[in-house]
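Work through the exercises below with the structure open. Each task is followed by a stepwise solution.

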Amino acid sequence: MCAVCGCGQAEMVLEKGAADEARPGAAGRTEERVHDHGDGSGPHSHPHRHGHEPAEHDHAHGHDHARPPGAAQERMVRIERDILSKNDAFARDNRRAFAARRLFALNLVSSPGSGKTSLLVKAIEALKDRMKVSVIEGDQQTSSDAERIRAAGAPAIQINTGKGCHLDAHMVGHALETLDPADGSALFIENVGNLVCPAAFDLGEARRVVVLSVTEGEDKPLKYPDMFATADLMLLNKADLLPHLDFDVGKCLANALRINPNLQTLTVSAKTGEGVEAFAAWIEASAARQAAAVAKG
């Protein structure tokens, strides 16, 4: 069990041969296990050690009969800090790799069913004549989202985390090597659907976008503050359903800004296309600002 968030021990499975097969229209994809979230084994090497050590997972159950009261809690805090510090090292590696290739990396987070993939498809369609886009998809199982992205015309690779409830920076580093996106492009990382655990794991992204659907309730920013506190943009999705729901948009935005006063917000609909052009423009502007910052060193 993960000592940070309590999720099951993750075992990453990456689509095999994605450098060719991630291209739109490819068929016959198979899977290859390239990263064990717990023991650090796998057929692909990485310049750093994995973020989770096996002993940490085996004993991170919240109580230790061989230690005095309070020792187990202190040990859990130490393990959590160790795991996150290792993840941060991988994230720094990713950030350097993104900068070297002039990639604008976007981490999309949300609860399951908020409409992240549908919004990505719309964004890809809006950006297809303006900038190149590649996608890393994260889910516990299936490659259906990556297939949807490829059908929309963008290269994509699927990460399956098994029992894990979030992507980590080491997984993204492996996927980046395999996907091999075009230099100067936008790289969307669609995280596993979860409003809790992904908030703690930096992937090396330039911006974090949280998607909240109007079917989830306007109190979600208050219930899951860490996710909204670490985001740069909130997309309030499924606006086409507002006439049929008892949802207060103003209250939702106020709750989100109470958690993060610097949070930018857009109201969108993946179904009707409302707000998608504004989202695409935000991506372009953010990518341009990052490019200018990198150019200045």
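**Exercise 1. Sort the lining of the largest pocket by residue class, then locate it.**

Solution.
Step 1. The lining has eight nonpolar, two polar and three charged residues. Here Ala, Val, Leu, Ile, Met, Phe, Trp, Tyr, Cys and Pro count as nonpolar, Asp, Glu, Lys and Arg as charged, and the others, Gly among them, as polar.
Step 2. The largest pocket holds about 170 Å³ of space. A pocket is an open set of points on a 1 Å grid over the protein atoms alone, where a 1.4 Å probe fits, with protein on both sides within 12 Å along at least five of seven lines; lining residues have an atom within 4 Å of a point. The volume is the space filled by probe spheres set on the points, which are joined across faces, edges and corners.
Step 3. Of the 13 lining residues, Lys 132, Val 133, Gly 153, Ala 154 and Pro 155 are the closest to the pocket centre.
Step 4. Helix 4 (116–127) and strand 4 (133–139) each give two or more residues to the lining. Helices (H or I, at least four residues) and strands (E, at least two) are DSSP runs, numbered from the N terminus.

Ground rules: this is a predicted model, where local features need pLDDT of at least 70 and side-chain atom pairs count only at pLDDT 80 or more, while totals for chains, interfaces and linings use all residues. Residues are numbered from 1 along each chain as its sequence is written, and side-chain values use heavy atoms, without hydrogens and water.

**Exercise 2. Is Arg 208 buried or exposed?**

Solution.
Step 1. Find Arg 208 in strand 7 (residues 207–213).
Step 2. Its relative accessible area is 5%, so Arg 208 is buried (under 20%; exposed is over 50%, partly exposed in between; 1.4 Å probe, protein chains only).
Step 3. List contacts (heavy atoms within 4.5 Å). Beyond four places in sequence, the partners of Arg 208 include Asn 107, Val 109, Phe 201, Asp 202 and Asp 232.

**Exercise 3. Which side chain meets Asp 202 in a salt bridge?**

Solution.
Step 1. Apply the criterion: a side-chain nitrogen of Lys or Arg within 4 Å of a carboxyl oxygen of Asp or Glu. The structure holds 10 such bridges.
Step 2. The partner of Asp 202 is Arg 95, at 3.0 Å, N to O.
Step 3. Asp 202 sits in the loop between strand 6 (186–190) and strand 7, Arg 95 in helix 3, 107 residues apart.
Step 4. Arg 95 is partly exposed, at 34% relative accessibility.
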